[in-house]
Structures are given as structure tokens and as C-alpha cells.
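Please keep the sequence and the structure open while reading.

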Amino acid sequence: MTTKTATRSGGRSARVQSAVHDAARELLEEVGRGALTVPMIAARAGVTPSTIYRRWGDLPALLSDVAAQRLRPESGPPDTGSFRADLLAWSEQFVEEMASEPGLALVRDVICGGYRIEGVAPCLVFTAGQITDMVERAVARGEPAPSVEYVVDRVAAPIVYRLLMGACADVDAAYARRLATQCLADWRPT
């Protein structure tokens, strides 16, 4: 699984993206999603609506891009000294962020808007990047660790699936710990 992240270089393109993202976030707070339009965002950002349509295509794609940037982790995963403890701590943090109303709304925006980084939803890119960091640390310490895909499939994917399908009642820190513990119990080093 490739976990490259999209980055924007400086210049006009970066300034336009920043202005449009800022305007979209501000207007979402002020008028709400239902009243938000591309012309409103364009006016606030100081660009033409055609600039937004040319770059993002439509409002859902723009909101998906804005949400993806907000989902980008601000820091690396916990470093507790062992892969097991790292995974347990990370899984609790992950479920807390994803199960929050803002986190869930951002995930829905990303998925519904279709924004992709090299064909993959940013949520997966960011999640896999965090897991990659934990796996690489474990390997550097001489610990065996499962593959990134193994952890995504057994810990992150069930959490996100249950949240998106509305089965949120039991998606909490205890659920995350059960998934992480079972992931490690089932994994056999090759």
C-alpha cells in the first residue's frame, strides 16, 4: 500500500487553494452546509466560481478536499516503546477522533466527495501512514510487526465501517482495544 501524501507547492495555486479552503471552512460555520454554494465560497476567497469548478469540479469535491486536509494528522502516532502498546494507544485515539461528530462528518465528506490521493481516499492514506510509522519503529527496535494492510483490515477498517453504517453505539475505546488485541493475537510472523 502506497502512502504518499498530496502536497502543494508554493505560488498562486497554493494561495488559491488556501483562500478557497479558508472561505469554505468559514462559510460552513456561518451558513451551514445546506446554504453553502460555490459562488459564495468564490466571493469570500476572492476568486471566480469558474476557478473553483475548474479545480474541484463541484461543491462536494471541494468539501471533500477541505475535509481531507482537516483529517491530516497533526502529529505522529504514540511511541510507547513497543508495537503492542503503540497499537493499543493509537487504536483508542483513532476511534476517539473518528467517532466524534466532527470526525465522522469529515470522513463522510471525503468519501462522498470522491477526493483521492493517487486513487486512494485520504482517510486511508493518513491512517496507513500512521500505522506505517508504528510498524517501522517496531522493526527498528527488532520487534516483529504485522504489515500495514493487516492492521488496517483488522483495526481501522472495522471502526470506520461501523461508524459509517450507523452502528456507533459500541464503537468506543474498549472496542478499539479489542480489535487491536485480536489483531495481534491472530497475527503470525512469517
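A search of the whole predicted structure finds one aromatic pair. The ring centres of Trp90 and Phe94 lie 4.8 Å apart with the planes at 20 degrees, so the pair is stacked. Rings of Phe, Tyr and Trp (its six-membered ring) count as a pair if their centres lie within 6.5 Å; planes under 30 degrees apart are stacked, over 60 edge-to-face and the rest tilted.

This is a predicted model, in which local features need pLDDT of at least 70 and side-chain atom pairs count only at pLDDT 80 or more, while totals for chains, interfaces and linings use all residues. Residues are numbered from 1 along each chain as its sequence is written, and side-chain values use heavy atoms, with hydrogens and water left out.

- Trp90 and Phe94 both sit in helix H5, four residues apart, which is about one turn of the helix. An α-helix has 3.6 residues a turn, so residues three or four places apart point the same way.
- The buried residues of H5 are Phe83, Asp86, Leu87, Leu88, Trp90, Ser91, Phe94, Val95 and Met98.
- The 17 residues of H5 should span 24 Å at 1.5 Å a residue, and the end C-alpha atoms are 24 Å apart, which agrees. The expected span is 1.5 Å times one less than the number of residues.

**Ser91**

- Ser91 lies in helix H5 and counts as buried because its relative accessibility is 0%.
- A polar atom of the Ser91 side chain is 2.9 Å from the backbone oxygen of Leu88. A polar contact is a pair of N or O atoms within 3.5 Å; within protein, one must be able to donate a hydrogen and the other to accept it, and residues adjacent in sequence count only if both atoms are side-chain atoms.
- Not counting residues up to four places away in sequence, Ser91 touches Val155, Ala176, Arg177 and Ala180; contact means heavy atoms within 4.5 Å.
- Ser91 and Leu179 are 88 residues apart along the chain, with their C-alpha atoms separated by 8.3 Å.

- Tyr175, Ala176, Leu179, Ala180, Cys183 and Leu184 are buried in H9. Seen down the axis of H9, these buried residues fall within an arc of 165 degrees, so they line one face of the helix. The arc is that of the directions from the helix axis to the C-beta atoms.
- The cover over the buried residues of H9 includes helix H5 (83-99) and helix H8 (148-164).
- Helix H9 (residues 173-186) has 14 residues, which should span 20 Å at 1.5 Å a residue; its end C-alpha atoms are 20 Å apart, which agrees.
- Asp172 caps the N-terminal end of H9, with a side-chain oxygen 3.2 Å from the backbone nitrogen of Ala174.
- Cys168 lies in the loop between H8 and H9 and is partly exposed, with a relative accessible area of 32%.
- Leaving aside neighbours within four places in sequence, Cys168 is in contact with Leu104, Arg162 and Leu163. The C-alpha atoms of Cys168 and Ala99 are separated by 7.5 Å, although the two are 69 residues apart along the chain.

**Arg137**

- Arg137 is found in helix H7 (residues 122-140), and its side chain reaches the backbone oxygen of Pro78 at 2.4 Å.
- Beyond residues up to four places away in sequence, Arg137 touches Pro77, Pro78, Asp79 and Asp86.

**Helix H2**

- Val38, Ile41, Ala42 and Ala45 are buried in helix H2 (residues 38-45). They cover an arc of only 100 degrees around the axis, which puts them on the same side of H2.
- Thr37 caps the N-terminal end of H2, a side-chain oxygen lying 3.2 Å from the backbone nitrogen of Met40.

**The whole protein**

- The protein has nine helices and zero strands; helices (H or I, at least four residues) and strands (E, at least two) are DSSP runs, numbered from the N terminus.
- Of its 190 residues, 41% count as buried.
- Among contacts between residues at least 6 apart in sequence, 69% join residues at least 24 apart.

Notes
Buried means under 20% relative accessible area, exposed over 50%, partly exposed in between (1.4 Å probe, protein chains only).
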